[in-house]
Amino acid sequence: MIGADLIENARKPSRLRPPLRMLSLMVILLLLPVGCVQLDPAGVMRADITGIDAALSRQAVVSRHPHHTIIGQAVILERGGTQVHVVEFGQTRDGVHGRLRMDAFYQAQRELAFVSPGRAEPFCHGTRCDALRVGEIHLTPREFATASRTGLRGHLVGPDGAIEVTVPADLFAVALQSADMPG
């Protein structure tokens, strides 16, 4: 009979369940914004002072880990008919890592031209400039065009370790399309 009583009581709804469900829902709703990163859309810009035009892809999360989130963006800069093709990386401050120090980028065991900031520099995303620049890859026009079809996958490497990143192909394609637009 004791077993039957336990089974019967197990079938009855517990008075503790609704408050626990509500508490769980509240925790999820409170933590949800922590996992969201505001990102910039694609666009074109002109710096009148320097005469530099920029065609920018949207920003995208290219590496997400419990200890860091890395944002990437494809950019084409032009001044006086000369273009520079870049992928820039920023680190949001939502992980346990402090400023990540990276000094190289490898794709399939091939080192690409990587420029690392010498000091902590801000990186803007959405309406905020609270992220940190990690660095940028300089690509040839041909490498950039190839990445517009295949994307770019590789590793940021430095004193703080190696971080795998995947930059989607559409970021490169949108930057190329924007660079061809007049204006």
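Author: The count of aromatic pairs comes to two. Rings of Phe, Tyr and Trp (its six-membered ring) pair if their centres lie within 6.5 Å; planes under 30 degrees apart count as stacked, over 60 as edge-to-face, and the rest as tilted.

Start with F89 and F105. Their rings are stacked, at 6.1 Å centre to centre and with 15° between the planes. This pair links distant parts of the chain: F89 sits in strand β5 (residues 82-91) and F105 in strand β6 (residues 104-107), 16 residues apart. Strands (E, at least two residues) and helices (H or I, at least four) are DSSP runs, numbered from the N terminus. F89 counts as buried because its relative accessibility is 0%. F105 counts as buried at 0% as well. Buried means under 20% relative accessible area, exposed means over 50%, and partly exposed lies in between (1.4 Å probe, protein chains only).

Now F144 and F172. This pair is edge-to-face, with 5.0 Å centre to centre and 80° between the planes. It too links distant parts of the chain: F144 belongs to helix α3 (residues 141-150), F172 to helix α4 (residues 169-180), and 28 residues separate them. Both F144 and F172 are buried.

The model is predicted: local features need pLDDT of at least 70, side-chain atom pairs count only at pLDDT 80 or more, and totals for chains, interfaces and linings use all residues. Residues are numbered from 1 along each chain as its sequence is written, and side-chain values use heavy atoms, with hydrogens and water left out.

Next, the core. The largest nonpolar core has 26 residues. Such a core is a set of buried Ala, Val, Leu, Ile, Met, Phe, Trp, Tyr and Cys residues joined through side-chain atoms within 4.5 Å. F89, F105 and F172 are among the residues with the most contacts inside it, and so are I137 and L156. In soluble globular proteins, nonpolar side chains tend to be buried together.

What does I137 touch? Leaving out residues up to four places away in sequence, its partners include both F89 and F105. H85, V86 and V87 are also among them, as are L112, A113, F114 and L152. Contact means heavy atoms within 4.5 Å.

Phi of A108 is near 50°, a positive value in a residue other than glycine. Phi of Q109 is near 65°, also positive. Most residues other than glycine have a negative phi. A108 is exposed because its relative accessible area is 74%. Q109 counts as exposed at 81%.

One disulfide is found in the whole structure. C124 and C129 form it, with their sulfur atoms 1.8 Å apart; the cut-off for a pair of cysteine sulfur atoms is within 2.5 Å. The torsion about the S-S bond is about 100°, so the disulfide is right-handed. C124 is partly exposed at 35% relative accessible area, and C129 is partly exposed at 47%.

Last, the whole protein. It has four helices and eleven strands. Buried residues make up 32% of its 183 residues. Of the contacts with a separation of 6 or more, 54% join residues 24 or more positions apart.
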